[in-house]
Protein chains: 2
Amino acid sequence: MELLKKRILSDARVKSGNIIKVDGFINHQIDIALMNEIGKEFKTLFEGEHITKVITIEASGIAVACLTALHLDVPVVFAKKSESKNIDGEVYKTTVTSFTRGRDYTVILEKRHLSADDRILIVDDILATGKAQQGLLDISGQAGAEVVGIGVVIEKGFQGGGDQLRDAGYNVKSLAIIDSMEEGAIVFRD
Amino acid sequence: MELLKKRILSDARVKSGNIIKVDGFINHQIDIALMNEIGKEFKTLFEGEHITKVITIEASGIAVACLTALHLDVPVVFAKKSESKNIDGEVYKTTVTSFTRGRDYTVILEKRHLSADDRILIVDDILATGKAQQGLLDISGQAGAEVVGIGVVIEKGFQGGGDQLRDAGYNVKSLAIIDSMEEGAIVFRD
């Protein structure tokens, strides 16, 4: 997606430790006009798949999920990172290792919101090692739902998570794949 | 907002401890068509205020913020609940007591995303005691930004947080105000 790649080149910042900061337009401050175009692009990429729900993990995936679901005209369900007084039903549960946070955490999704009748699009802002996507695949598997696609705004291709998912047979579409960012020079995959 | 009130009456569930569950359409599964109407309603209520940013706290406020910002055509900034490797700049910081989670937590917002030039709309899904809104008011005050409105999807009027904010002079607009829900019978304020 050219609009996104241009924005990454102008506004993303590369930090040591293979971190890319897109907090100015994707995942802390959100350029909602750009996110709306991202949602339209995912609609175009996945609209033949008869998707019934868009799922993600809180927090930064929610914006991507909402704008994508708006154009696909289906509900969003987001997995939650911690239990609160406000969870009362039976839940699907899985463990995710966060690259950014450097620790494991449990994510839950109430069973009433995902079933074997669902055809799922998993979306997120960043795909690095793919742990968040693996967690959502695990939850979708517990529900018996079919995952018909995985949509990612920015894939850090050099960390391998996206290609592992493709090798496992998933239809992964990333709007920008970064194959290297050594010394701060971002190189996209064609 | 009649569409919202009807949906609350049909799909919300009241639990002991003054908890209302709207996880089927607002804050776990999200009915994106309804959320889009909510965003349009906030645009109508606040569009004369020359808003420059919509702010909220992760996670369940993000959907409200995104669909509102889409119609106001301004960016979203969401305060984050924990520090990660991906925060590197100077931050505004405040402490919020969560009614739902039963504990205090720190929220942060990077300084580069909020300034004294900003005219802020604070939004969230639920207003109970108003602690989340107070936290965002604190952060806005640290930035020197002007808070021109507070938009809430569902206000639990009987917990008093909304009226405290109104008494303090804030322009609080709630799309549905619940004045009581004793024995599960939801009564809206006119």
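**Entry 1: strands S8 and S9 of chain A**

I began with strand S8 (residues 119-127) of chain A in this predicted model, and I found that S8(A) pairs with strand S9 (residues 146-156) of chain A in the parallel sense, over 8 bridges. For one of the residues concerned, A:Leu127, I looked up the bridge partner in S9(A), which is A:Glu155. I then turned to helix H4 (residues 131-143) of chain A, which packs on the sheet and touches strand S4 (53-57), S5, S8 and S9 of chain A; the direction of H4(A) makes about 165 degrees with that of S8(A).

**Entry 2: the sheet as a whole**

Which strands form the open sheet, and in what order? I noted 7 strands in the order S11(A)-S10(A)-S9(A)-S8(A)-S4(A)-S5(A)-S3(B), with mixed pairing. At the edges I found strand S11 (187-188) of chain A and strand S3 (29-30) of chain B, each with a single partner strand, so one side of each is left without a neighbour in the sheet.

**Entry 3: where chain A meets chain B**

I next looked up the contact between the chains, in which 35 residues of chain A touch 35 residues of chain B. On the side of chain A that touches chain B, the elements that give two or more residues are strand S2 (19-21), strand S3 (29-30), helix H2 (32-46), helix H3 (61-72) and strand S5 (76-79) of chain A. H3(A) gives the most, with 6 residues. Sorted by class, this side of chain A has 15 nonpolar, 9 polar and 11 charged residues.

I also checked the strand pairing between the chains, and recorded that S3(A) pairs with strand S5 (residues 76-79) of chain B in the antiparallel sense, over 2 bridges. In S5(B), the residue bridged to A:Ile30 is B:Val76.

**Entry 4: helices H2 and H3 of chain B**

The residues of the contact between H2(B) and H3(B) divide into 8 nonpolar, 4 polar and 2 charged.

Notes: Residues numbered from 1 in each chain as written. Chains lettered and ligands numbered in written order. Predicted model: local features only at pLDDT ≥ 70, side-chain atom pairs only at ≥ 80, totals over all residues. Contact = placed C-beta atoms within 7 Å. Helix = DSSP H or I, 4+ residues; strand = E, 2+ residues; numbered from the N terminus. Nonpolar A, V, L, I, M, F, W, Y, C, P; charged D, E, K, R; others polar. Pairing = 2+ DSSP bridges. Axes fitted to C-alpha atoms, helices over the stretch in contact; angles between N-to-C directions.
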